[in-house]
Structures are given as C-alpha cells and as structure tokens.
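Please look at the sequence and the model shown here. The text that follows goes through a sheet, a ligand site, a pocket and a cavity.

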Amino acid sequence: MSKDSITITDNRTGKQFDFPILHPTIGPSVADISSFYKDTGMFTYDRGFTSTASCRSRITYIDGGAGKLMYRGYDISYLAKEKTFLDTAYLLLHKELPTKEQLKAFSFELKKRSFINESMKKLFDAFPDNSHPMAILSSAIASLSAFYSDSLDMDTPEEVMEMAHRIIAKIPTIAAFSYRYSKGLPVIYPDLEKSFVENFLYMLRAYPHNYAELKPIEVEALDTIFTLHADHEQNASTTAVRVVASTQAHPYAAISTGVSALWGRAHGGANESVIRQLEMIGSIDNVDKYIAKAKDKNDPFRLMGFGHRVYKNFDPRATILKDLRNKLVDELDINSHLLEIANRIEKIALSDEYFIKRNLYPNIDFYSGLILKALKIPKEMFAVIFVMGRAPGWIAQWIELKEQPDMKIARPRQLYLGPLERTPSK
Ligand code: ACO
C-alpha cells in the first residue's frame, strides 16, 4: 500500500480500498476517487460538491480560511490596485500579464469587435418592455453561436482567441443594448475612442440620461469591480460553463449557461438583492427586526450580501471594495439613506454571535451593490456587470478544459430514493 494514499474500510465487510492522494501546488491534498465506483460498487454523495474537486486547474487559487485569492499566481489586491481589468483579462487568457504593446494590441482587438451584427437588433426587439436585462443578455450571447457558426469546432488557437475577443468585446455592447431596449431607449453604438469601461458607461448612460463627463474615480471603481469578478475558480456559474463545454457544445452556448447560472440570488444576483433588501428594510429603525428574522431558524429570510461558500474568514474582494466604497463616499459625496441602513446592518452583524459563529461576513456583493448604485447603474444591471467581469474567467476555464486531452463529459451519479419498479394498473 502506498503511503501517499487514503484507505477506506467498508465496515460491513471489512474490505479495504486504497485511493491515491494528489498534491496541488498549494491547498488541501485531493483523494483521487475516480475508480471508487469500479472498486467499491458504490457512489460517493457530496451535496453541493462541498468536498469535490471537479477538475485540475492552473487559473485561480482561493484559500477561504486565509481570505486569499490569486489569478495565475498574482494576488487579487495587486491586480485590483496596480493593474486594469484588461490586464487581468489578458492574464487569464494568456497566462501572463501583458507588456504595454500587448495590452494596446489586446485593447485594439476588443474595440474592433465591439459592434454587434445589425440583425441582432430584431432579437432585442422581440423582448417585451421592462424585460430583465439578464434575460436578454443570456439569449443574445447564445445567439452569437448562430451569427458565428462558421467556427463551431474551434480547432486552432487563433479561432479560440477570436471567440474570446468576440465575447469580451461584444458583452458590454449587448449589455448596454439590453438595458436600453428594456427601457425603450435609443441604443448608443460603441465609441472606439473611449476605454473599455468609459465606453460601456457611455453606451449605458448617454442621452437621455444627461450624460456628464465621467469622473476618474467612477471609471476606476467599475474597472476594479470587473477585475474582482474576473474569475473565482469552480463556482456555480463556472461549473455550469464547464459542464456544458464538456458536452462539446458551442462556447457561446456554454457562456450563456454561465450567465443563466449567475443570475440566481444565491450567486451573481445577490448584489441586486442586497439593494432590494435595503430598500425593503427602508429605515434604520427596522434593522433590528430584520436581523432577528435572519437569525430565526423558522424564517427563510437571509441577509443578502452575507456569507460565502468558500470564504469563512473574510472575502478579500469585499475588503478591497469596502475601501473603495469609503473613497467613493468621500469623493462622490454619497451619503444615502441606504448606505446608513447598510452600515448599521454591517456593524450589528459583525458583532453578533449568530453571524460570528457561522463565519457570516459581508461578501463582495454587499459592497458592490452600494458602489454600483453610487455609480448610478440601475440595479437590474448589477448581475450584468458581474457577467462582464466574469466573462474572461469563463473563457479561460473553457480553454483550459478543452486543452486537457483526458477531459470527460460531466456526468454525476445520484442517490436514488424514488419508488421501486411499480406494476402498471390494468
Ligand atoms: N443570513 C442569515 N443566515 C445565513 C446566511 C445569511 N445570509 N447565510 C448563511 N446563513 C446561515 C444558514 O442558515 C446556516 O445556519 P445553520 O447552520 O444554523 O443551519 C449557516 O449559516 C450555513 O449556511 P449554508 O447555507 O449552509 O452555507 P452555504 O455555504 O451553503 O451558502 C451562501 C453560502 C449561498 C452564499 C449563503 O451564505 C447565502 O445564501 N448568502 C446570502 C446570498 C449572498 O449574499 N450570495 C452571494 C454569494 S457571493 C457570490 O456569489 C459572488
């Protein structure tokens, strides 16, 4: 028996089974149970995949206990404070940070592809007024597979990069169009003179919203939000992208699945829910009542923006955004009613035994919702912003999966608790 293995004993029979232990660069070791069913005749059961490593990856590392997050070995706070979102997107796709020239060329490639096919407007037109922009966005991204069906196989690195550039470049345009169509506003085409973030804010906020020149702090804030969302290893939406990619589906279809998975309130929809919840709480006087509801086992109410599946100490992205929020409060003179309620909730929750015992700290969404609101971004666009940030991560994960020759179609098993075979009544 190898020392580098784990032995499992079936106490019913006394039979023992060995499984090799795999060693990551850092982080917990991984028991390789790929042969578990073949060896033991049993499945493993892992609700919500809390103990399951579903793939090998070299992209993002998280240490939830230490509050650490790295993309390709670079600490998130270095990337958020010293680099731009496009640097980060390039890093995720190409494994290295770009030189000045590479960044310029990357930015040019994105600008070139930022327009969408005019006939796509018919798709936007088909949605009823006030459709949620995420509904439009997920459909529009899936429809890219019809507009670019020529490169279905993605056999060459050039084809793959073309797809990556298209998605990252077109999502801001689709996102801004989704919002403007949902509100019945005229769409604004990309301005190639503007930076990635400036162009998006321009397409979103220009006439008739009294588009004023953007303050540098606004551009910095949104760029930072994109960087902080760019990847997060095997979360629900990334896992959805990988599962769909494992079936050999078109990458645009896989990415649109990521958008759908991200929309949920327990995931990327949380920052919109944070603001809706703060609006519902409505007054600082109601905070205690809602904290009590969140703690009540018989009440399904949860404090939005608190807790995380992986971060059980603090979310390093939340720490960066908390500083940024404080800077915005000073520089944009934000002193909203919602901010007061949020501050009160934060203060109580951070000192309340219920939250401390369960390691429930404010997560990235708690702060990003407030920042996006301060940037005058409509709340139904919050998850869309998350998608724009996450797109490079999903694509990097898609590429990694495709590069692994032993990639298998994702096909989990189940613990069947349904009826035995029943005799049909005559
Ligand atoms: N408010 C009140 N109680 C909570 C909260 C919350 N926000 N989150 C978890 N709990 C409690 C649970 O009731 C449970 O209590 P118990 O042990 O007495 O039964 C305990 O904390 C553990 O909760 P789980 O749901 O088992 O934790 P899990 O890791 O599965 O869930 C999740 C993590 C989904 C993020 C959860 O904390 C949540 O729903 N938070 C609110 C939504 C949110 O902010 N989501 C954004 C996540 S970050 C992102 O996607 C970028």
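Ile62 has Leu69 in β5 as its bridge partner. This is a predicted model, in which local features need pLDDT of at least 70 and side-chain atom pairs count only at pLDDT 80 or more, while totals for chains, interfaces and linings use all residues. Residues are numbered from 1 along each chain as its sequence is written, and side-chain values use heavy atoms, with hydrogens and water left out.

β4 and β5, the latter made of residues 68-71, pair in the antiparallel sense over four bridges. Strands here are DSSP runs of E with at least two residues, helices are runs of H or I with at least four, and both are numbered from the N terminus. Two strands count as paired if DSSP finds at least two bridges between them. β4 and β5 form a hairpin with four residues between them, and Gly67 in that turn has a positive phi of about 65°. Two bridges join the antiparallel strands β5 and β6, and Met70 stands opposite Asp75 in β6. Together the three strands make an open antiparallel sheet in the order β4-β5-β6. Its edge strands, which pair on one side only, are β4 (60-63) and β6 (74-75). In a regular strand the side chains alternate between the two faces of the sheet.

Next comes the ligand. It is surrounded by 22 residues, and the closest are Lys297, Arg302, Leu303, Gly305 and Phe306; a residue is near a molecule if one of its heavy atoms lies within 4 Å of it. This shell divides into 10 nonpolar, five polar and seven charged residues. In these groups Ala, Val, Leu, Ile, Met, Phe, Trp, Tyr, Cys and Pro count as nonpolar, Asp, Glu, Lys and Arg as charged, and the others, Gly among them, as polar. A backbone N or O atom of Leu303 lies 2.7 Å from a nitrogen atom of the ligand, and one of Ala266 lies 3.3 Å from a ligand nitrogen atom. From Arg358, a polar side-chain atom lies 3.0 Å from an oxygen atom of the ligand. Taken alone the ligand exposes 930 Å², of which the protein buries 75%; the areas come from the Shrake-Rupley method with a 1.4 Å probe.

What lines the second largest pocket? There are 22 lining residues, and Lys83, Thr84, Glu220, Asp223 and Thr224 lie nearest its centre. Among the elements that give two or more residues to this lining are α3 (85-94), α9 (216-229) and α14 (316-331). A pocket is an open set of points on a 1 Å grid over the protein atoms alone, with protein on both sides within 12 Å along at least five of seven lines; a cavity is a set where a 1.4 Å probe fits but cannot get out, and lining residues have an atom within 4 Å of a point. The lining of the second largest pocket has nine nonpolar, four polar and nine charged residues.

The largest cavity is lined by 13 residues, with Leu110, Lys111, Ser114, Phe196 and Asn199 nearest its centre. Two or more lining residues come from each of α4, α7 (157-182) and α8. The largest share, three residues, belongs to α4.

Terms used: Polar contact = N/O pair within 3.5 Å; in protein donor to acceptor, adjacent residues only side chain to side chain.
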